[in-house]
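Please read them beside the sequence and the coordinates.

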Amino acid sequence: MKPLFAEWLLNNGLKQKVLFTGLFVFFLFNSIKAQTNLVPNGSFEYIDSCNYPGETITAATPWNNIFPMGGADVFSSCNTNGATAPYSIYNYQVARSGSNYIDAATFLTLGSGFTIKEYANCPLKSTLKNGHTYCVTFYVVIGNYTKYATDDISLYLDDGSISQVVQWSLINASPQINSTPSIILKDTLNWIKIQGNYVANGTENHLTIGNFKNDSFVNYITLDTLHPSGIANYFIDDVSVIESSTKIHVNDTTITQGDTITLGKSIEGMPVDWYDIQGNLLAASSTLKVSPSTTTSYVVKMDLCGNVSYDTVTVSVSTGVNGIFNTNKIEIYPNPATQSIVISHQSLVNTIEITDVLGRALKTITNIQSSITNIQVDELPNGIYFIKATDTNGNVSVGKFVKE
C-alpha cells in the first residue's frame with residue numbers, strides 16, 4: 001500500500017498541488033466533474049426530528065420501510081427513545097461516518113415458523129442511465145446484542161415496484177449487490193464494505209437493502225446462545241451508487257489557528273478513506289475531523305470497485321483572516337483583484353508580505369512610509385493569497401484576497 005501511495009504522491013499528487021495550488025485552489029472545483037452519490041442521505045446524518053417515535057427509519061428522509069408498519073430503524077446521536085448512537089439499549093457502535101446509521105434484521109428464530117426480514121428502502125436522486133456502469137457500496141457491522149451472524153446481506157436496485165406482502169416477510173427478488181457467500185459477517189467493531197459493479201438498464205430509481213434468501217439457504221453461526229429473540233441484526237452506513245469512472249475531488253480550505261474543521265462533508269456517505277502524507281490511515285470514513293496547528297495536507301482515496309483515485313486536500317492555517325490580529329487592522333481592496341491591490345492599515349507598518357495558501361512568501365515590501373500601500377499583483381496566478389503586515393513592535397495583521 002505505502003510504496004504505491006508514495007509513488008502517486010510523487011508523480012500526481014502533492015507535487016502538483018504544491019506547484020499549482022495558487023492557480024487551482026479557487027477555480028479547480030468548476031473544472032472537474034463533481035462526483036455524485038445518487039443515494040440521498042446515504043450516511044443518515046439528516047433526520048426530520050430528534051423526537052421521532054420509537055426507532056423508525058422514516059425519520060431519515062427519504063428512507064423508508066417496505067412494509068408500512070415497521071422494520072428497519074435509524075440510530076441517531078440526538079434520539080432519546082432507545083435508538084441512540086453510539087450508545088443504545090442494544091449495544092455500543094460508532095458510525096462509520098458522522099453520527100448516525102440504520103439497522104436491519106436479516107434472520108429468523110430457528111424453528112419459530114416466523115420469518116423476520118427487515119428492509120431499508122430509498123429512492124435514488126435520479127434514474128440510472130441505460131448501459132452505464134455504477135459502483136454500488138454500503139458498509140455493515142453486526143450489533144453486539146444479537147444471537148446469530150450470517151453471510152448474507154444484499155442490495156437490490158429496481159423501479160420502485162418491490163413490495164413486501166406480509167410484515168417482515170421474505171421479498172422475492174434477486175439482488176445485484178451481495179456480500180461474499182460463506183464468509184460470516186461477525187465483526188462487531190469494524191465496518192465491512194460490501195461493493196459491486198452494476199450495469200444499469202435505465203429503469204432503476206430505487207434501492208432496497210436486506211436479506212433476500214430463504215433462511216434454509218443462509219449460512220449462519222450462533223454468537224449468543226442465551227439471546228432471547230434469535231435474530232441476526234446488522235447496522236448499515238454510507239450507502240452509495242456512483243458511476244464507476246468517477247474521480248475523487250475535495251476542495252482545499254482555510255481555517256484560523258485553533259479551529260477544527262470536518263473534511264469531506266461534500267462527499268459524505270461515499271466509499272473513501274483518509275491518509276496523512278506519509279500514507280498512514282487516519283480514518284476509514286468519508287469525513288475526517290482535523291485541527292492542524294500549521295498548514296497541513298491530507299490525502300483522500302476513493303475506491304469505486306477497483307477504480308482508485310486520490311486527491312490531496314490542503315488545510316491552510318492562518319493567524320487571522322480579514323480582521324484584527326493583536327492590535328492592528330488592515331483592509332484590502334479591490335477584492336477580488338486583477339491588476340493591483342490597495343492595503344490600508346491603521347498604524348504604520350514596516351513590512352508587508354504576500355503569501356500563498358501554503359505559507360510561501362511570494363512578495364515582500366519594506367520601507368513603507370504611508371498608511372496606504374499599493375501593490376501590483378497582475379503577475380500572480382489566479383487564486384487565494386494572504387497579506388501579512390508587521391509593524392515596528394512586531395504586531396502582525398493578516399488579511400486575505402482573491403486574484404482573478
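1. In which elements of the protein is confidence lowest and highest? It is lowest in helix 2 (residues 14–31), at a mean of 35, and highest in strand 9 (residues 192–199), at 97, where pLDDT is the predictor's confidence in each residue, from 0 to 100. Helices (H or I, at least four residues) and strands (E, at least two) are DSSP runs, numbered from the N terminus.

2. This is a predicted model, in which local features need pLDDT of at least 70 and side-chain atom pairs count only at pLDDT 80 or more, whereas totals for chains, interfaces and linings use all residues. Residues are numbered from 1 along each chain as its sequence is written, and side-chain values use heavy atoms, with hydrogens and water left out.

3. The mean pLDDT of the protein is 81, with 82% of its residues at 70 or more. Over residues 1–8 pLDDT stays under 50, and the model has 17 contacts beyond four places in sequence for them, a contact being heavy atoms within 4.5 Å. Residues 320–328 also stay under 50, with 23 such contacts. Where pLDDT is low, the predicted coordinates should not be read in detail.

4. The secondary structure comes to two helices and 26 strands. Of the contacts between residues at least 6 apart in sequence, 72% join residues at least 24 apart. Buried residues make up 52% of the 404 residues, buried meaning under 20% relative accessible area (1.4 Å probe, protein chains only).

5. There are nine aromatic pairs in the structure; rings of Phe, Tyr and Trp (its six-membered ring) pair if their centres lie within 6.5 Å, and planes under 30 degrees apart count as stacked, over 60 as edge-to-face and the rest as tilted. One of them, Y119 with F212, is tilted, at 5.1 Å centre to centre and 50 degrees between the planes. This pair links distant parts of the chain, 93 residues apart: Y119 is in the loop between strand 3 (101–105) and strand 4 (120–123), and F212 in the loop between strand 10 (206–210) and strand 11 (220–222). Both Y119 and F212 are buried.

6. The ring centres of Y385 and F401 are 5.7 Å apart and their planes stand at 25 degrees, so this pair is stacked. Because Y385 lies in strand 25 (residues 383–390) and F401 in strand 26 (residues 396–403), the pair ties together parts that are 16 residues apart in sequence. Y385 and F401 are both buried.

7. Ring pairs also join F75, Y101, W191 and F235 into a cluster.

Technical notes: Buried means under 20% relative accessible area, exposed over 50%, partly exposed in between (1.4 Å probe, protein chains only).
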